[in-house]
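Trainee: Could you take me through a close look at the aromatic rings and the packing around them? I would like to follow it one residue at a time.

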Amino acid sequence: MDYRLHLVKDKKLKKLIGDNKPLQLSKQKDLHYYLIVSIMSQQLSTKVAETIRLRFLALYKGLVPKPEEILSTPLETLRSIGLSNAKARYVQNVAQFAIDNGMDHKTLHKMDNEAVITCLTQIKGVGRWTAEMLLMFALGREDVFAIDDWGVQNAMIHLYKLDRTDKKAFREDLLRISAKWSPYRTYACMHLWRWKDNSPKIAAKKK
């Protein structure tokens, strides 16, 4: 089923989707690498994050390193590419976890979304949001709602006229609205992100 047929039942979301071509999800091969890149990118601009990612690959002759190679890389070397001491340790934590527990499609495919999140957030440095991004953009899961994502929240505040003053009530509103989007909540989030980036109202709010 085309996810748009379901999501356009939400009249406000329908305006965002319009006549645009459907968005696509894909699966990534090296899940440990995707998770590491997500960690390295946290709280950084897209440009800076990409610079660090390329420096990271350069340590391994431009190739995606295996977990064993990452674990054998000195922390000082990881820090030399622009990572903080904490992030350098988190990167190695992911590598160690991948070696000890496995982190591939065969292993994670058997788990539902919450089980994957529970599994990955055992790793120090991996929070729920990071695990959700992996579910969406590396595992290709269609029904993930990134409730704590600032971009999703801001877009929904503007689109549905929400108020985040009362945090508990705000989260209840987010969950109530997003429940209607299931089983295609990932696509809804993607449309909200795209709209947020192009919305004059939200752009003006940022300034």
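Mentor: Let us begin with exposure: a residue is called buried if its relative accessible area is under 20%, exposed if over 50%, and partly exposed in between (1.4 Å probe, protein chains only). At 48% relative accessibility, Ala-179 therefore counts as partly exposed. This model is predicted, so to speak of confidence we use pLDDT, the predictor's score for each residue from 0 to 100; local features need a pLDDT of at least 70 and side-chain atom pairs 80 or more, while totals for chains, interfaces and linings use all residues. Residues are numbered from 1 along each chain as its sequence is written, and side-chain values use heavy atoms, leaving out hydrogens and water. The chain averages a pLDDT of 91, and 95% of the residues score at least 70.

Now to the rings, where Phe, Tyr and Trp (its six-membered ring) pair if their centres lie within 6.5 Å, and the planes decide the kind of pair: under 30 degrees apart is stacked, over 60 is edge-to-face, and the rest are tilted. By this rule there are seven aromatic pairs. One of them joins Phe-56 and Tyr-60, whose ring centres are 5.3 Å apart and whose planes stand at 70°, so this pair is edge-to-face. Both Phe-56 and Tyr-60 are buried. In another pair, the centres of Tyr-184 and Tyr-187 are 6.3 Å apart with their planes at 50°, so this pair is tilted. Tyr-184 has a relative accessibility of 10% and so counts as buried, and Tyr-187 is buried too, with a relative accessible area of 7%. Together with Tyr-3, these two tyrosines, Tyr-184 and Tyr-187, form one aromatic cluster.

Phe-56 also leads us into the nonpolar core, which means a set of buried Ala, Val, Leu, Ile, Met, Phe, Trp, Tyr and Cys residues joined through side-chain atoms within 4.5 Å. The largest such core has 66 residues, and those with the most contacts inside it are Leu-13, Phe-56, Met-103, Leu-120, Met-156 and Trp-181. If a contact means heavy atoms within 4.5 Å, then Leu-13, leaving aside residues up to four places away in sequence, touches Leu-7, Leu-159, Tyr-160, Trp-181, Ala-188 and Leu-192.

Finally, return to Ala-179, which is found in helix 12 (residues 167-179). Phe-145 is 34 residues away from Ala-179 in sequence, yet their C-alpha atoms are 9.0 Å apart in space.

Conventions: Helix = DSSP H or I, 4+ residues; strand = E, 2+ residues; numbered from the N terminus.
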